[in-house]
Amino acid sequence: MRILHTADWHFGRTLEGRSRMKEQVAFMDELLDVVRDERVDIVLIAGDIYDSVNPPAAAEQLFYEGIARLSDGGKRQVAVISGNHDHPDRLAASGPLAAAQGITLVGSPIAECLSIGVSRTGELARVIALPYPSESRLKELLSDVADEEVLRGQYSDKVASLIRRQALSFESSTVNLLMSHLYVLGGQETESERPIQVGGAYTVDTTALDCGAQYVALGHLHRPQMVKAASPMRYSGSPLAYSFSEAGQAKSVTLLDLAPGQAAEPQEIFLTSGRPLVSWKAKEGIGQVYQWLDEKRDANAWIDLEISMTSAMSMEQIQSLRKAYDGFIHIRPIYPEMEAARIALPKKALSMEEHFTRFYARQTGGAQPEQELVRLFLELLEDGAREEASGE
């Protein structure tokens with residue numbers, strides 16, 4: 001059978017107030033072309049369909065029309081799970097209607113894995129479909145201990161137990177898959193994923209997902225990437241770049257040909273429908289920007305612009321640039337004293353806050369500390385310094 005894995009559509013998301021709906025519509029059209037051209041049997045959508053639990057009506061319409069087109073009246077099977085941005089009940093509400101079209105919508109964690117038959121090959125897929133499993137969605141308290149390491153261990157254990165229970169349905173005669181929306185330790189983040197963990201607590205070790213699946217289809221991280229693990233494990237990434245931290249990333253969906261007992265060899269199908277996000281640094285001033293516009297440089301891109309200026313940049317100049325090209329998201333003048341300070345910055349000693357943040361990231365596999373935790377650390381540091389001074 002032929003399987004397509006995608007995730008993190010974030011329908012309804014904007015870029016600094018700029019609508020991305022036209023690009024999202026174009027992605028949906030491109031995805032339909034891919035599944036037709038590649039003769040895909042099953043489409044797996046691993047969460048974050050929307051960018052919020054209360055998406056705009058246009059985003060919901062695009063999603064439901066899109067999956068109806070993908071299923072082609074039930075000729076192609078589509079399985080969807082909720083992500084941390086989706087409202088699980090709202091996503092699953094139309095499940096009974098969708099099921100008649102060969103579409104399965106899973107909002108909250110369930111006890112049984114999905115069985116999806118493929119008439120073209122006569123094969124059966126068993127899919128462990130685990131939507132984003134927060135404590136509230138699991139309907140239980142993981143631990144009454146506030147220690148982050150304990151919480152992370154409890155969380156990984158709970159996820160592992162859910163998965164392994166469903167994996168009992170795996171058979172040697174079926175194609176065995178796992179799909180979830182999680183932050184797995186070892187994955188590389190970008191700025192556009194709003195965190196799903198408190199500190200590093202809601203992170204999962206790869207061993208928790210080791211259940212005998214031939215392929216693990218993940219959602220949450222926007223950079224397409226394989227995760228180092230015992231089983232083939234992959235984030236398909238988002239179809240569009242949603243922040244300038246994703247500038248230069250090639251966006252894609254993942255295609256697999258799988259038979260029972262066969263090793264997975266994921267293949268990237270690159271997408272072209274999204275506008276690229278690029279950064280311009282005009283060292284020679286505003287004239288250089290107009291030169292690049294005349295040259296049609298990065299035509300159709302969303303642009304983060306820095307301009308080196310020797311005098312104050314006027315509103316008229318900014319408005320003129322925006323009128324010349326509607327894709328400028330940020331326009332930041334950089335003055336000589338700012339440039340000098342920026343060059344000198346790396347030479348300065350790190351603050352205690354920066355030291356703590358880096359230490360925390362190393363200890364938690366890349367997570368960033370909550371501001372409240374940073375504040376408490378600095379207060380404890382100050383208290384210790386005061387006690388030491390009073391003792392002297």
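This chain folds into eleven helices and 17 strands. Keep in mind that you're looking at a predicted model. Of its 392 residues, 50% count as buried.

**The chain as a whole**
- Take the contacts between residues at least 6 apart in sequence: 71% of them join residues at least 24 apart.
- The chain exposes about 18,700 Å², and carbon and sulfur atoms supply 52% of that.

**Strands 7 and 8**
- Strand 7 covers residues 114-118, and strand 8 covers residues 123-130.
- The two pair up in the antiparallel sense, over five bridges.
- Together the two strands make a hairpin with four residues between them. Gly122, in the turn, has a positive phi of about 75 degrees.
- In a regular strand, side chains alternate between the two faces of the sheet.
- Strand 7 has Leu114, Ile116 and Val118 on its covered face, while Ser115 and Gly117 are on the uncovered one.

**Aromatic rings**
- The structure holds eight aromatic pairs.
- Why is the pair of Tyr325 and Phe328 edge-to-face? Their ring planes stand at 80 degrees, with the centres 5.5 Å apart, and planes over 60 degrees apart count as edge-to-face.
- Both Tyr325 and Phe328 are buried.
- One aromatic cluster is formed by Trp9, Phe11, Phe27, Tyr50, Phe63 and Tyr64.

**Charges over rings**
- Arg275 lies over the face of Trp302, at 3.8 Å from the ring centre.
- Arg297 has its charged end over the ring of Trp292, 4.0 Å from the centre.

Note on methods: Residues are numbered from 1 along each chain as its sequence is written. This is a predicted model: local features need pLDDT of at least 70, side-chain atom pairs count only at pLDDT 80 or more; totals for chains, interfaces and linings use all residues. Side-chain values use heavy atoms; hydrogens and water are left out. Buried means under 20% relative accessible area, exposed over 50%, partly exposed in between (1.4 Å probe, protein chains only). Contact means heavy atoms within 4.5 Å. Accessible areas come from the Shrake-Rupley method with a 1.4 Å probe; for residues, only the protein chains shown count as cover. Two strands pair if DSSP finds at least two bridges between them. Rings of Phe, Tyr and Trp (its six-membered ring) pair if their centres lie within 6.5 Å; planes under 30 degrees apart count as stacked, over 60 as edge-to-face and the rest as tilted. A charge sits over a ring if NZ of Lys or CZ of Arg is within 6 Å of the ring centre and within 35 degrees of the ring normal.
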